[in-house]
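I opened the notebook today to look at how the parts of this model sit against each other. Here is what I looked up, in the order I went.

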Amino acid sequence: MSILSLKDVSYTYKSRYQTVQAVKNASYSFQQGKVYAIVGKSGSGKTTVLSLLAGLDLPSDGQVVYNGTPTGKMDRDKYRREDVAVIYQAYNLFPLLTALENVMYPLELKGVKAKEARAKAAEMIESVGLTEEVFKRYPAMLSGGEQQRIAIARALAAQPKVILADEPTGNLDTENGANIVNILKSLAHEKNCCVIIVTHDLAIAEQADVVLRMQDGEMATA
Amino acid sequence: MSILKAVPRSLLRRGVRSLVVLAVSLVIALFLNMYGNAISQHEQTLDELHASIEVTGYIISLDGNTQGLDIEEQTIKGLEESGFIREGIYTRKIWGMVGPWQELAGTQLSNKIYNSPRLIGANSITTFALPPEIMDGYDESLFASAEKVCLVSEDSLGLYGLAIGDELQYTAVSDWRNVRHSSVSLKIVGTYESPFRPAAIYCPLDVVTALYRELDLPVLTDSASFILQNTQELNQFRELLENLNFINQQAGSGSDYKQLSFIISDRLLKNATASVQSYIDFTTALYPVIYLLCAGIGFVVSYLLIRIRKPEFAIMRSLGTSKVLTFLIFFSEQGVLCLLGAALGIFLTLATTQHISAQQFVTVIGYVVFYLVGASIAILAMNRVNVMQILTAKE
Ligand SMILES: Nc1ncnc2c1ncn2[C@@H]1O[C@H](COP(=O)(O)OP(=O)(O)OP(=O)(O)O)[C@@H](O)[C@H]1O
Ligand SMILES: [Mg+2]
């Protein structure tokens with residue numbers, strides 16, 4: 001069944017100097033239990049669509065609907081806390097929190113007790129192929145790939161139903177990249193999550209259940 | 001998510017950046033206190049100067065006389081009740097003759113009175129240029145009393161065949177036309193030197209006042225000089241002088257020779273206090289500016305320090321931290337540092353000067369408020385920007 005859908009979604013970035021229409025009339029329904037890949041040229045609007053799906057902003061036109069409720073009509077803080085997680089191109093880790101604390105953050109935000117959160121966070125970090133060694137390191141003391149995996153661990157920690165990933169393997173070697181993809185695939189196929197991956201990597205796209213293509217802000221099934 | 005845990009952790013990890021806020025608040029609190037202290041110290045100095053430098057004043061007629069003034073009773077009363085007079089030194093004279101009343105009239109009477117000494121009442125020995133000689137058992141304080149005693153010139157003793165310790169009878173006369181007279185017996189308790197002949201007889205002020213009353217004459221004062229108090233408010237005193245019909249000498253049109261001026265000898269005080277006063281005036285006038293500047297610095301510092309944390313803020317929001325919680329976290333961090341800095345500032349002030357006034361305390365609190373308002377505005381402004389645009393912005 002459809003968990004998340006775009007309904008005639010358009011989005012325009014407005015700054016003092018210019019307005020950019022980054023998404024134009026995108027419509028699509030995402031199902032639980034499937035992996036989606038969104039591909040397209042740089043600047044075609046992939047990150048923008050992902051951000052709208054994450055409820056970081058509302059579409060200029062149209063609606064993003066989660067479980068029947070448009071994001072404009074829900075508590076989007078709660079939505080982001082409990083239902084959706086985003087893995088960003090730029091990691092977006094807290095620079096002053098250790099790797100472990102970064103992963104604990106969404107858990108503590110949900111009200112999980114510190115001890116439990118720590119155990120859960122440790123488990124998540126190990127599941128993305130990192131060891132205890134990194135727990136106490138700050139992001140600046142981690143490689144790009146390690147930061148990426150911490151970001152993924154943080155996204156998975158709160159057990160969201162929708163996982164949005166922006167180039168999640170861009171900074172990983174083939175082996176680790178494949179690992180991550182496997183984790184994401186198993187979350188979709190075994191935990192019934194809806195996984196949406198923005199990627200340039202055709203190898204990843206091939207593994208997706210559905211591939212969507214974006215071009216100049218418009219979206220179509222490939 | 002516990003603020004109690006998150007805030008101290010962030011403060012400690014931000015290290016130098018936390019110290020900046022702390023230091024800014026500390027320095028400003030210290031500075032505001034020092035500034036306030038400097039003002040109050042100068043105010044204290046000013047008070048001390050006013051207390052220690054004596055300001056005198058005296059009444060003078062338009063033609064420059066300080067005696068023979070006929071100052072009315074209410075004028076003296078008005079001055080004494082003004083609160084500005086610490087001490088008034090008065091003389092009051094009455095005409096008459098030595099000895100009992102003699103049935104004289106017209107020119108004979110006026111000649112007699114003209115050639116007789118006047119009786120002058122004084123309430124202070126300072127009336128005499130040279131110190132008089134006073135017999136044992138009496139002293140300077142006799143003028144403050146109402147005792148029937150007098151001082152006469154050396155010449156007069158011989159003239160009237162009297163000696164120290166004798167009683168001298170003086171008959172006061174009201175005026176030429178409707179002649180009334182009254183006699184008083186005064187014990188001679190001393191002598192003074194006088195170039196005049198006939199030289200006046202001096203007695204306590206109250207003795208002469210009593211004669212005035214007996215003769216049913218308006219009680220006029222011959223001369224008056226003063227030691228002033230409450231000299232911080234001399235301008236107020238000057239206003240009061242105008243209300244008492246004293247005229248300003250400089251402005252004096254002087255049509256009526258009977259009009260009186262009150263001269264305040266405050267040059268010494270003015271010279272001594274001028275620089276302190278102008279320092280106080282200047283620093284006090286500058287105070288609001290300095291204060292706004294400090295508050296402004298607090299405002300800007302807190303604003304900027306929060307704005308540079310936009311990325312951190314965006315991450316918090318993207319993970320679903322509510323606006324309220326983000327506000328509380330950022331605000332408490334700033335609040336703790338600012339308060340800590342201000343408290344240290346106050347503590348250091350107390351450690352160095354052992355004193356902090358309520359006003360200074362309020363001032364520092366005012367700064368803290370400004371700082372926190374700056375922080376709040378910065379956080380609220382940040383809460384309004386689009387998280388998505390921060391997060392997707394390319395480095
Ligand atoms: N914060 C912003 N303000 C203004 N314009 C923006 C902003 N972010 C993106 N854009 C513009 O919107 C369009 C879509 O951007 P978007 O980041 O969604 O592209 P993308 O497909 O993710 O590209 P890439 O593959 O390079 O990440 C682009 O033209 C971009 O310049
Ligand atoms: Mg992108």
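Before anything else, a word on terms: the domain bounds I use come from an automatic or database domain assignment. I also keep in mind that this is a predicted model.

**Entry 1: domains of chain B.** I found chain B split into domain 1 (3-47 + 273-391) and domain 2 (56-265). I then looked up the spacing of their C-alpha centres, and it is 68 Å.

**Entry 2: domains of chain A.** Here domain 1 covers 1-83 + 160-222, and domain 2 covers 93-159. The C-alpha centres of these two domains of chain A are 23 Å apart. Their contact draws 14 residues from domain 1 of chain A and 13 residues from domain 2 of chain A.

I looked up the area next: the two domains of chain A bury about 1,100 Å² between them, with 67% of it on carbon and sulfur atoms. On the domain 1 side, A:Arg81, A:Pro160 and A:Ile183 lose the most area to domain 2 of chain A, together 41% of what that side buries. For this interface I noted 0 salt bridges and 2 residue pairs in polar contact, both residues at pLDDT 80 or more. On the domain 1 side, α2 and α6 (174-189) of chain A are the elements that give two or more residues. α6(A) gives the most, with 4 residues. I sorted that side by class and got 7 nonpolar, 3 polar and 4 charged residues.

**Entry 3: chain A against chain B.** How many residues of each chain are in contact? I count 26 residues of chain A and 24 residues of chain B. The area buried between the chains is about 2,400 Å², and carbon and sulfur atoms give 57% of it. In chain A, A:Leu96, A:Tyr105 and A:Glu108 lose the most area to chain B, together 23% of what that side buries.

I find 4 salt bridges between the chains. I looked at the one joining B:Arg9 to A:Glu101, where the closest N and O atoms are 3.7 Å apart. From chain A, β1 (2-14), α1 (46-53), α2 (76-82) and α3 (99-109) each supply at least two residues to the side touching chain B. By class, that side of chain A has 14 nonpolar, 5 polar and 7 charged residues.

**Entry 4: ligand 1.** I located ligand 1 between chains A and B. Of the 16 residues around ligand 1, A:Ser42, A:Gly43, A:Lys46, A:Thr47 and A:Thr48 come nearest.

- A backbone N or O atom of A:Ser44 is 3.2 Å away.
- A side-chain N or O atom of A:Lys46 is 2.8 Å away.
- A polar side-chain atom of A:Thr48 is 2.5 Å away.

How values were computed. Residues numbered from 1 in each chain as written. Chains lettered and ligands numbered in written order. Predicted model: local features only at pLDDT ≥ 70, side-chain atom pairs only at ≥ 80, totals over all residues. Heavy atoms only, no water. Contact = heavy atoms within 4.5 Å. Buried area = accessible area lost by both parts, 1.4 Å probe. Salt bridge = Lys/Arg side-chain N within 4 Å of Asp/Glu carboxyl O. Nonpolar A, V, L, I, M, F, W, Y, C, P; charged D, E, K, R; others polar. Near = heavy atom within 4 Å. Polar contact = N/O pair within 3.5 Å; in protein donor to acceptor, adjacent residues only side chain to side chain.
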